[in-house]
Amino acid sequence: MATVLITGSTSGIGLGIAEHFAKAGYNVVFNGLEDNGAEIAANVAKEHGVQTMFSNANMLDAEQIKQMIDEATRKFGVIDVLINNAGIQFVAPIDEFPAAKWNAIIGINLSSAFHTSQAVWEGMKNQKFGRIINIASAHGLRASEFKSAYVAAKHGIVGLTKVLGLEGAPYNITANAICPGYVKTPLVEKQIADQAKTHKMSEGEVVEKVMLKKQAVKDFVSIETLAEMTLLLASKHATAFTGTAIPIDGGWTAQ
Ligand code: NAD
């Protein structure tokens, strides 16, 4: 049975993807900072008849990342599919942007993917199969004001994806980035509140006039759509899909 490790998988998009992979028969390594992570992992195992484990490794800490992957490898053997999904957001104009928030966003949203990819690489290389999928964002391809760190990190992860795609090619390791538009998760619900303050608008106006303004399809992107794309990229048939940044953004980046 193949194994998937998903960072930030005890909430939102990561959790939705984890459930899809479990349903498809994958063993799942959960990670995240939610207090009920172990419970989530146990429930998914029970519901889908697969094996799971949970690690609360902090994606800001390279040593904890390495320990998580060592532990997962001891339990399951090679990590066949790595999904770098953990991420945070902070919204503020550049002149007020706290340096600590910059460092945290670059650390969690970008550098952690370097550390996880490095840690799974040898196993994938030896078995001549590996799939690395990075959950970037439409902000990996386009900018918005007040999101300096997030846009920088997401553009960075698109760049890292391309390099991993090139270096992985001789070993059947592919790397791809998915670039979603807005998905209604706890991360976005917090942004709606923050943006309402910054723009001095009601939360309803923020969704209509700010968030979905750039999407031609005036609806949030569904987690199921992202999960289905992720499963496709993980399949053994997806060998020619590599080094890409795939927008799933309701037409945002068509403009
Ligand atoms: P979320 O807040 O629901 O989930 C984020 C997960 O990351 C949580 O499990 C959290 O515990 C984990 N996490 C945060 N900091 C961590 C750390 N230091 N160590 C370990 N885990 C940590 O958010 P989401 O909306 O599901 O976002 C998931 C990913 O999708 C992020 O990378 C985000 O940038 C990206 N994304 C989200 C949207 C959207 O509209 N929601 C759009 C495009 C891209």
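Me: What is the handedness of the crossing where H4 passes H5?

Reply: A crossing is left-handed if the near helix is turned anticlockwise from the far one by less than a right angle, and right-handed if clockwise. Here H4 passes H5 in a right-handed crossing. This is a predicted model, where local features need pLDDT of at least 70, side-chain atom pairs count only at pLDDT 80 or more, and totals for chains, interfaces and linings use all residues. Residues are numbered from 1 along each chain as its sequence is written, and side-chain values use heavy atoms, with hydrogens and water left out.

Me: At what angle do the axes of H4 and H5 cross?

Reply: Axes are lines fitted to C-alpha atoms, for helices over the stretch in contact, with angles from 0 to 180 degrees between N-to-C directions. Those of H4 (residues 99-127) and H5 (residues 148-168) cross at roughly 15° and come within 8 Å. H4 is therefore roughly parallel to H5 (angles under 35 degrees).

Me: Which residues of H4 meet H5?

Reply: Contact means heavy atoms within 4.5 Å. Among those in H4 are Trp102, Ile106 and Phe114, and they face a set in H5 that includes Tyr150, Ile157 and Leu164. The contact of H4 with H5 divides into 14 nonpolar, five polar and two charged residues.

Me: Is valine 91 buried or exposed?

Reply: Buried means under 20% relative accessible area; valine 91 has 9%, so it is buried. Valine 91 sits in the loop between S4 and H4 and, leaving aside residues up to four places away in sequence, touches Phe146, Lys147, Gln191 and Gln195.

Conventions: Helices (H or I, at least four residues) and strands (E, at least two) are DSSP runs, numbered from the N terminus. Angles under 35 degrees count as roughly parallel, over 145 as roughly antiparallel, 65 to 115 as roughly perpendicular and the rest as oblique. Ala, Val, Leu, Ile, Met, Phe, Trp, Tyr, Cys and Pro count as nonpolar, Asp, Glu, Lys and Arg as charged, and the others, Gly among them, as polar. Buried means under 20% relative accessible area, exposed over 50%, partly exposed in between (1.4 Å probe, protein chains only).
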